[in-house]
Amino acid sequence: MAATKFFCRWIEAFFVLFVQVCVKSEDTDAHKLLYSNGGWYTDTENLIAQPGPCNIDVWDNSLTQQGFLQKYAEKAPVIFRSVTDNSNFRKLCSKSSLVENYGSKEVVLSSANTYSYTKVPVSFQHYVEEILRPQDANTLGNETLYLFGDQNYTEWEPLLDQYIQPPYYLPGHTGALSFGLAGAGTGVPFHFHGPGFGEVIYGRKRWFLYPPDQQPAFNPNRTTLQWLMEKYPQLEESEKPYECTIGPGEIIYFPDRWWHGTLNIDTSVFISKFLAIAPWL
Ligand SMILES: O=C(O)CCC(=O)C(=O)O
């Protein structure tokens, strides 16, 4: 009897140890990936843009859907921290995993100016090896190619399906996902459209926003980096934007028709969910 008890305890202890080792090594892998930015390196000499202050409300999942609708949906941007766990999606977005699984798939690059007129189809691998690079401070937005949106949804579906979407919604709206990858110092200059969410998977992204009735002064062909260096330092207190720099696992929500411009501090992987009115809902 005593021998059986001893044997059972031994088996139990072994099992607990086994589970602890497995959980710990998964955790460590996730941390290693985050620490290495998923292999999307940026040389420190190419980190020309810096993170800025954050004057936007930040919430964890204690914000209810009702609170979101009352305080933010149509009124103000908001940042969410740790409201979803996209560590599995993050693993799939490491450089080695994306190049291996999606290298031969086509993506359509857009010029990084306000109206993104230019569209250039290339393979994902070509973009990573030949085009993705840190922003040169003198290069214009209309001369910079940027990957955001415009993937063939069917081909990229296995990846996008793994993304856990933000847990907040706008009644009567449907959402479309847009995947992005861009170099340090790149970004999209001020523009506006419908409401949406933007999450950073790797890297850091600085967001600048203005309400619909406060159009900022900017040149649509100059980059957000050029605006930051030329115009931002001259802004009066009352002209300063809403802004925040978000990192992996953080999500920004921007309301309908709010002006927004983005600036990637590091080489960044990101995903947006654009919301549009769905008459059938
Ligand atoms: O995340 C970005 O850099 C650009 C996102 C954006 O502003 C947009 O797609 O409208």
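The following questions and answers explain how several terms apply to this predicted model. Residues are numbered from 1 along each chain as its sequence is written. Because the model is predicted, local features need pLDDT of at least 70 and side-chain atom pairs count only at pLDDT 80 or more, while totals for chains, interfaces and linings use all residues.

Q: Why is I277 called exposed?
A: A residue is exposed if 12 or fewer other C-beta atoms, placed from the backbone, lie within 10 Å of its own, partly exposed above that, and buried at 20 or more. I277 has 12 C-beta neighbours inside 10 Å, so I277 counts as exposed.

Q: What is I277 in contact with, leaving aside its neighbours within four places in sequence?
A: Contact requires C-beta atoms, placed from the backbone, within 7 Å. On that basis I277 is in contact with G172 and H173.

Q: What makes strand 1 and strand 4 stand at the edges?
A: Strands are DSSP runs of E with at least two residues, numbered from the N terminus, and two strands pair if DSSP finds at least two bridges between them. The open sheet of 9 strands has the order 1-2-10-7-12-6-5-3-4. Strand 1 (58-59) and strand 4 (119-123) each have a single partner strand, so one side of each is left without a neighbour in the sheet.

Q: How do you know that strand 3 is joined to strand 4?
A: Strand 3 (residues 106-111) and strand 4 run antiparallel and are joined by 5 bridges, where pairing needs at least two. S110 stands opposite K119 in strand 4.

Conventions. Helix = DSSP H or I, 4+ residues; strand = E, 2+ residues; numbered from the N terminus. Contact = placed C-beta atoms within 7 Å.
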